[in-house]
Amino acid sequence: MFSHRTSWQRHPNRLAQLYEERRYSGLPILDLTVSNPTELELDYPLDRILHALQNRGLLHYQPDPKGLLTARLAVCQYYAEKAVFLDPANIILTSSTSESYGLLLKLLCNQGETILVPSPSYPLFEYLAQINDIGMQNYSLLYDGRWHIDIESIRTSMSPSTRVIILLNPHNPTGSFLQVGEFDRIAQIAQEHNCSLIVDEVFIDYKLDPNAYSQTTASTSEVLTFTLNGISKYIGLPQMKLGWITVSGPAETSNEAIARLEILNDTFLSVNTPVQIALPELLQNGKDTFSSVLRRIKGNHTFLQNSFLGGIPCDLFHSYGGWNAIIQMPRTKSDEMWALELLDKKGVYVYPGYFFDMLQSSVIVVSLLQRGDIFRQAIEEIFSYVRNSVC
């Protein structure tokens, strides 16, 4: 009765079961997996957000498959502040980054063709590949004191069916930004194999290391490139449902891609009019929220770094940006066992590394977005449990 593309495994894993049992029992949980900024007492300019949504123009429906020009010009202004100057005709508005991925996979891949995605990474790509009837291969990120892309693993993973290489800039959860040499070499591989690049930049404005190189790919010209971003992370408004795709590359192929994307987007027209009309004000006024988020993740990251000065038998993976941090736990237990015991014994909820397909053993991933006092308490509980466990 149902399609094979929706035959997912839906049984909760041991960690999810334990979380629900603890929550149902009313036991406290220090949640270090949180990624929803609207639940974490950040500084939102409420009056200005509401004012942006009071424009009478939102009562008038004037659909545009690319998105309203005023909204696309606001996106251009966002890039202009980075000294990157774009033509609004090369911007397509969507309701989210996930929808952007879905549109692009429909644009670029036939049934049975493949995409290359990074490992480690988050599980979204498996679902996207399955519901679009395409295959997925991994290339590797390596760690030697800093994260970098294993270019050779991209070369060896390429096949005649490869249509897309997906890059994250910065990567989630490792926090590594694309470097100049890396991107140029990957673009060359894409050219050689006649495939496109999708670059996810939803965390690009969140630098933990002020010296990190963080250059958008939105204006690249060598190879057909689709750069994704939106207001979910940048100004902490996931509920407003607005993202965008910038299309760049050789003129002939990028123009053809835009023409086809217009038809795809026109089929659904999923971006609502109010958020498009409000976007110029939201982007301008949302800078306060962005600053609030940046202060929080930097503060939590600094606390985490300083916590390792006390001789804890753990290690912190270097991160240049993003909302997550990766902790190497003692290798006496698996990452799943550490996560289960921390939740059961200390009430601290973290992601085990296998959730992101981490090759390193016994690692956990924590969100830096949590409220500072809760974050500090949770980290202290983790290290207290580690001390008692290894002594």
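Buried means under 20% relative accessible area, exposed over 50%, and partly exposed in between, with a 1.4 Å probe and protein chains only. This is a predicted model in which local features need pLDDT of at least 70 and side-chain atom pairs count only at pLDDT 80 or more, while totals for chains, interfaces and linings use all residues. Residues are numbered from 1 along each chain as its sequence is written, and side-chain values use heavy atoms, with hydrogens and water left out. Helices (H or I, at least four residues) and strands (E, at least two) are DSSP runs numbered from the N terminus.

**Backbone geometry in loops**

- E41, which lies in the loop between β1 (30-31) and α2 (46-52), has a positive phi of about 55° although it is not a glycine, and its relative accessible area of 58% makes it exposed.
- L269, found in the loop between α9 (251-268) and α10 (273-285), is likewise a residue other than glycine with a positive phi, near 45°, but L269 is partly exposed, with a relative accessible area of 29%.
- The peptide bond from S119 to P120 is cis, with omega near 10°, and P120 sits in the loop between β3 (114-119) and α5 (124-131).
- N172 and P173 are also joined by a cis peptide bond, for which omega is about 15°, and P173 belongs to the loop between β6 (162-168) and α7 (180-192).

- Strands count as paired if DSSP finds at least two bridges between them; β2 (residues 91-94) pairs with β9 in the antiparallel sense over four bridges, and T94 has G243 as its bridge partner in β9.
- Strand β8 (residues 225-230) also pairs with β9 in the antiparallel sense, over six bridges, and the bridge partner of L228 in β9 is I245.

**Nonpolar cores**

- A nonpolar core is a set of buried Ala, Val, Leu, Ile, Met, Phe, Trp, Tyr and Cys residues joined through side-chain atoms within 4.5 Å; the largest one has 74 residues, and those with the most contacts inside it are I231, L304 and I382.
- Helix α13 (residues 372-390) supplies the largest share of this core, seven residues.
- Apart from this core lies another, of 53 residues, among them F125, I151, I154 and F317.
- With contact meaning heavy atoms within 4.5 Å, and residues up to four places away in sequence not counted, L304 touches L316, A325, I327, V366, L368, F375, I379 and F383.
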